[in-house]
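This report takes a chain from its overall form down to single side-chain contacts. Look at the model first.

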Amino acid sequence: MSDAEMEAMRKAVTDLNMTVGRLAGTVETMVLEFRSERESSAKSRKGVYQALEEVRREQHRVANEVKSTAARVERMEPAVDDYNRRQVQLETGGKLARAAWWIGGFVMFAAVWIVSNWEKITGAFRGWGGR
């Protein structure tokens, strides 16, 4: 083989080595990125699972609070119904008392008028009776 052929072969081998080296570097970089992405995904999934677990716990706590509140409201219902019934009774009693005051006032007025005009009233009855 001549020197020119040897030199061409060396150059071809060197170019081939450089290409293989670049390819190996690229593959190593891809492997590192893949591992990094896999670790990142695992951490992300772990975070999602932890967040879901916390949401589940919070949902359980809220459900218990709702049940507790519903039980308290059910226990309060008779007292609220009683209060409402008494409010209606008080309102009705107030109306009746106001009516009684009006009627009592009218009766008092009529009694005072009758007493103050008793002589005239009896005189009128006597006059109608012929006495």
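The text below covers fold, surface, charges and contacts.

This is a predicted model, in which local features need pLDDT of at least 70, side-chain atom pairs count only at pLDDT 80 or more, and totals for chains, interfaces and linings use all residues. Residues are numbered from 1 along each chain as its sequence is written, and side-chain values use heavy atoms, with hydrogens and water left out.

**Overall form**

The protein chain has 2 helices and 0 strands. Helices (H or I, at least four residues) and strands (E, at least two) are DSSP runs, numbered from the N terminus. Helix α1 covers residues 3-116. The C-alpha trace spans about 180 × 30 × 15 Å along its principal axes. The radius of gyration is 54 Å, whereas a compact globule of 131 residues would have one near 14 Å. That radius is taken over C-alpha atoms, and the globule rule is 2.2 Å times the number of residues to the power 0.38.

**Surface**

Of the 131 residues, 2% count as buried. Buried means under 20% relative accessible area, exposed over 50%, and partly exposed in between (1.4 Å probe, protein chains only). The accessible surface of the protein chain comes to about 12200 Å². Carbon and sulfur atoms account for 64% of that surface. Accessible areas come from the Shrake-Rupley method with a 1.4 Å probe; for residues, only the protein chains shown count as cover.

Which residues form a nonpolar patch on the surface? They are Ile103, Phe106, Val107, Phe109, Trp113, Ile114 and Trp118, with about 800 Å² of accessible area together. Patches are made of residues with over 30% relative accessible area and no salt bridge; like charges are joined within 9 Å, nonpolar side chains (Val, Leu, Ile, Met, Phe, Trp, Tyr) within 5 Å. Helix α1 supplies the largest share of the nonpolar patch, 6 residues. Phe106 lies in helix α1. Phe106 counts as exposed because its relative accessibility is 56%.

**Charges and salt bridges**

The protein chain carries 21 positive and 18 negative side chains. The centres of the two sets lie 18 Å apart. Lys and Arg count as positive and Asp and Glu as negative; His and the chain ends are not counted. The place of a charge is taken as NZ of Lys, CZ of Arg, CG of Asp or CD of Glu.

The structure holds 8 salt bridges. A salt bridge is a side-chain nitrogen of Lys or Arg within 4 Å of a carboxyl oxygen of Asp or Glu. The table lists some of them.

| Salt bridge | Closest N and O atoms |
|---|---|
| Arg10 and Glu7 | 3.6 Å apart |
| Glu65 and Arg61 | 2.2 Å apart |
| Arg85 and Asp82 | 2.6 Å apart |

Arg10 and Glu7 are 3 residues apart in helix α1, so about one helical turn separates them. Glu7 is partly exposed, at 47% relative accessibility.

Glu65 and Arg61 are 4 residues apart in helix α1, so about one helical turn lies between them. Glu65 is partly exposed at 42%, and Arg61 is partly exposed at 38%.

Arg85 and Asp82 are 3 residues apart in helix α1, again separated by about one helical turn. Arg85 is partly exposed at 45%. Asp82 is partly exposed at 24%.
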